[in-house]
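Dear colleague,

Please find below the structure that I am handing over to you. My findings follow it, and I would ask you to read them with the structure open beside you.

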Amino acid sequence: QWWWWRFNSKARLAASFGGPVLFLLNKYVMFAHVIRIENNVDYVVILSSIALTTVLWITVALLTKPDPEAKLIEFYKRARPLGWWGPIAEKAGLAPKGSMPIAQGLGAAVAGMVMVAAGTIAFSTAYIAQWRSVASFGALCVACGLLFKWAYNRFMARLDGVETEEVA
């Protein structure tokens, strides 16, 4: 419900129950008997199951009625979710946040992930005295840490600024 106003209870049920069914069909039928791959296919099974589950719940959401409009408007006013809520935000009299904050948040998360991974590698290579790796990954850790701080601060400032915007 947080990313798209059309996501409803039927789509949620389709994702919750259809996802595991699709995974089992992929694992024990498709990649066991129909599509033959010699090497380990766990990642293919998982990724294709995620993709099929996404297609399933989007299809179900589009083929069924959305949640009642009054409920959606009340939810939007209280939670102010990110994502694709334009029609509901306008009816609530608030400016939609759109998808840009999602992209900014993901960018900050990637910078943070690289920072942590580089820091872990720097410490691990220091233990075995590989000083070039320590310097390289340490520098990458610091650079990504600074990038993360900048991106996170921009992300939070934008969210705070958007929170108070009203549609005229």
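Among the elements of the protein, the highest mean pLDDT, 94, belongs to helix H2 (residues 42-63), and the lowest, 89, to helix H6 (residues 131-163). Please bear in mind that this is a predicted model. For the protein, the mean pLDDT is 89, with 95% of its residues at 70 or more. Over residues 162-168, however, pLDDT stays under 50. The model has 11 contacts beyond four places in sequence for residues 162-168. Where pLDDT is low, the predicted coordinates should not be read in detail.

I next turned to the nonpolar cores. The largest one has eight residues: Leu 72, Ile 73, Tyr 76, Trp 85, Ile 88, Ala 89, Ala 92 and Leu 94. Two or more residues of this core come from each of helix H3 (69-79) and helix H4 (86-92). There is also a second, separate core of six residues, among them Ala 11, Ala 14, Val 60 and Ala 61. In soluble globular proteins, nonpolar side chains tend to be buried together.

Finally, I considered the cysteines. How many disulfides does the structure hold? It holds zero. Cys 144 is buried, with a relative accessible area of 11%.

Yours sincerely

Definitions and conventions: Residues are numbered from 1 along each chain as its sequence is written. This is a predicted model: local features need pLDDT of at least 70, side-chain atom pairs count only at pLDDT 80 or more; totals for chains, interfaces and linings use all residues. Side-chain values use heavy atoms; hydrogens and water are left out. pLDDT is the predictor's confidence in each residue, from 0 to 100. Helices (H or I, at least four residues) and strands (E, at least two) are DSSP runs, numbered from the N terminus. Contact means heavy atoms within 4.5 Å. A disulfide is a pair of cysteine sulfur atoms within 2.5 Å. Buried means under 20% relative accessible area, exposed over 50%, partly exposed in between (1.4 Å probe, protein chains only). A nonpolar core is a set of buried Ala, Val, Leu, Ile, Met, Phe, Trp, Tyr and Cys residues joined through side-chain atoms within 4.5 Å.
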